[in-house]
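Please look over the structure before reading on.

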Amino acid sequence: RATRARDEVMAIVVHDLRNPMNTILSAATIIGNSLEQQAEKAIGSLNPALSADLKECVEAIESSIKTMDRLIYDLLDVARMEAGSFSIQPSHVDIGALLEETLKLCESQARAKTITVTADIPTGLPPVSGDRDRLDQVLSNLLGNAFKFTPEGGRVMVRARELDALVQITVEDSGPGIPAADLPRIFDRYWRGDRASRDGAGLGLAICKGIVDAHGGNIWVESTGGRGTTFWFTVPCAAE
């Protein structure tokens, strides 16, 4: 009962947070646009150094609000999954093209840590029946975790293959691995292996599982300490 009450309160609070956050973001955008217009017109009513400081503050506000917005959507997704009201909008998705696009967007993360990314994505993969945005969310989360936990100079491998009436995606890294005792809880919501860390809310993998479950697929993980981690997930092929 306490867990249900907490989740209900969380869902209400998170929903109500969206309006003031949108107001803050709108105000920051207006200030940022005003500063840009002032610079273009060379009005010069503000000290250049002050103007630069204000611009930096606006950018910090916008970045923080976007981070908070992502967390709010994550919390809302978890609340919907717990309530059984989470849904997807399926269509025919070119999974190969989606993988290539997601990998391209992650290039800067890989470069920042000199991580080698290799992909084994065969041509001619059948389309899958899925929600493109939600599948991109799963891929981005798994890749983001792989880059986060892989040390500099490490490697990340992405594979895809057709398996009966499914497409199976694999994301493998050369990070430190996950302790065996933690593996059974890896998809639990609000759970983080490093309890001392305040990085993240422990929702990403729980949401990944909820999305894959909603597609009628499966997601699982294998890991060996000191030898990296591999995530797999499957998505049904689209009916012809």
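Predicted model: local features only at pLDDT ≥ 70, side-chain atom pairs only at ≥ 80, totals over all residues.

Leaving aside its neighbours within four places in sequence, which residues is His215 in contact with? They are Ile88, Ser129, Gly130, Asp131, Arg134, Leu135, Val235 and Pro236.

His215 sits in the loop between helix H6 (204–214) and strand S6 (219–223). Its relative accessible area is 7%, so His215 counts as buried; the cut-off is under 20%. A polar atom of the His215 side chain lies 2.8 Å from the backbone oxygen of Ile211.

Now the aromatic rings. The count comes to 2 aromatic pairs.

| Pair | Distance between ring centres | Angle between planes | Class |
|---|---|---|---|
| Phe187 and Phe231 | 6.2 Å | 80° | edge-to-face |
| Trp220 and Trp232 | 5.9 Å | 10° | stacked |

Take the phenylalanines. Phe187 lies in the loop between strand S5 (166–173) and H6, while Phe231 belongs to strand S7 (residues 229–236). The pair therefore ties together parts that are 44 residues apart in sequence. Phe187 and Phe231 are both buried.

Next, the tryptophans. Why is the pair of Trp220 and Trp232 classed as stacked? Their planes are at 10°, and planes under 30 degrees apart count as stacked. Trp220 is in strand S6 and Trp232 in strand S7, so this pair ties together parts that are 12 residues apart in sequence.

Is each tryptophan buried or partly exposed? Trp220 is partly exposed, with a relative accessible area of 31%. Trp232 is buried, at 16%.

Notes
Residues numbered from 1 in each chain as written. Heavy atoms only, no water. Helix = DSSP H or I, 4+ residues; strand = E, 2+ residues; numbered from the N terminus. Buried < 20%, exposed > 50% of the residue type's maximum accessible area, 1.4 Å probe, protein only. Polar contact = N/O pair within 3.5 Å; in protein donor to acceptor, adjacent residues only side chain to side chain. Contact = heavy atoms within 4.5 Å. Phe/Tyr/Trp six-rings, centres within 6.5 Å; stacked < 30°, edge-to-face > 60°.
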